[in-house]
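Work through the exercises below with the sequence and coordinates open. Each task is followed by its solution in steps.

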Amino acid sequence: MKLKDLLPFLAENQNEFKVHCAIGGQGRDARLPLNEFFSGKFSDYQNHQTQKNFGRKYILSLCYLNKDEWLFVGIYESLGVVGTVKEADRELYKYNTRLTDIGAEFIGKLVVGFKKDFRQSYPNLETCLDNLEVLELKREVIKA
């Protein structure tokens with residue numbers, strides 16, 4: 001099943017979405033996004049960006065689980081950049097986002113298949129929507 005079949009809002013509004021493929025990395029990003037989700041701090045984590053990555057109305061947020069598998073952690077509304085913050089040796093854009101109710105029943109339960117074979121972590125949804133598959137829907141929220 002395609003993700004757009006489970007969440008038709010995505011297909012209906014695909015040109016208004018950025019996809020956040022939260023993977024983590026070095027420095028500030030060494031905090032794995034999945035751990036931020038488990039600790040209830042994903043929104044704070046996502047709101048600090050090194051670039052202006054959320055230039056569309058909505059964000060489809062996915063956390064990396066393992067090869068080609070992502071955990072759905074919500075659909076957020078981007079309310080724009082509200083300033084910058086200094087963290088360690090760099091300046092970050094601080095976003096104001098709001099978790100929507102769209103797909104709320106799937107947060108932390110839905111495993112999405114997505115073969116991300118490109119470097120960009122913030123694609124426009126219309127470029128990858130057809131490649132997002134529902135792999136598994138758990139009864140309970142996945143635990144750390």
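**Exercise 1.** Which side chain meets that of E77 in a salt bridge?

Solution. The model is predicted. The partner of E77 is R98, with an N to O distance of 2.7 Å. Last, check the accessibility. R98, at 40%, counts as partly exposed.

**Exercise 2.** Locate the salt bridge of D130 and state which parts of the chain it ties together.

Solution. The side chain of D130 meets that of K4 at 2.4 Å, N to O. D130 sits in the loop between β6 and β7 (133–137) and K4 in helix α1 (residues 3–6), so the bridge ties together parts 126 residues apart in sequence. Both ends are partly exposed: D130 has a relative accessible area of 45%, and K4 has 25%. The structure holds six salt bridges.

**Exercise 3.** Determine whether K18 has a salt bridge, and account for the nearest side chain of opposite charge.

Solution. Start with the position: K18 is in strand β1 (residues 17–22). K18 is buried and has no salt bridge; the nearest side chain of opposite charge is E126, 8.2 Å away. The cut-off for a salt bridge is 4 Å. Then examine E126, whose side chain forms a salt bridge with R56 at 2.7 Å, N to O. E126 lies in the loop between β6 and β7, and R56 in the loop between β2 (48–49) and β3 (58–66), so this pair ties together parts 70 residues apart in sequence. R56 is also among the residues that K18 touches, as are F54, Y58 and Y122.

**Exercise 4.** Is V111 buried or exposed, and what does V111 touch?

Solution. V111 is placed in strand β6 (residues 110–113). Its relative accessibility of 3% means that V111 counts as buried. Beyond four places in sequence, the contacts of V111 include L65, W70, V134, L135 and I142.

**Exercise 5.** Compare the radius of gyration of the protein with that of a compact globule.

Solution. For 144 residues, a compact globule would have a radius near 15 Å; the protein has 14 Å, which agrees. Buried residues make up 43% of the 144 residues.

Conventions
Residues are numbered from 1 along each chain as its sequence is written. This is a predicted model: local features need pLDDT of at least 70, side-chain atom pairs count only at pLDDT 80 or more; totals for chains, interfaces and linings use all residues. Side-chain values use heavy atoms; hydrogens and water are left out. The radius of gyration is taken over C-alpha atoms; the globule rule is 2.2 Å times the number of residues to the power 0.38. Buried means under 20% relative accessible area, exposed over 50%, partly exposed in between (1.4 Å probe, protein chains only). Helices (H or I, at least four residues) and strands (E, at least two) are DSSP runs, numbered from the N terminus. Contact means heavy atoms within 4.5 Å. Lys and Arg count as positive and Asp and Glu as negative; His and the chain ends are not counted.
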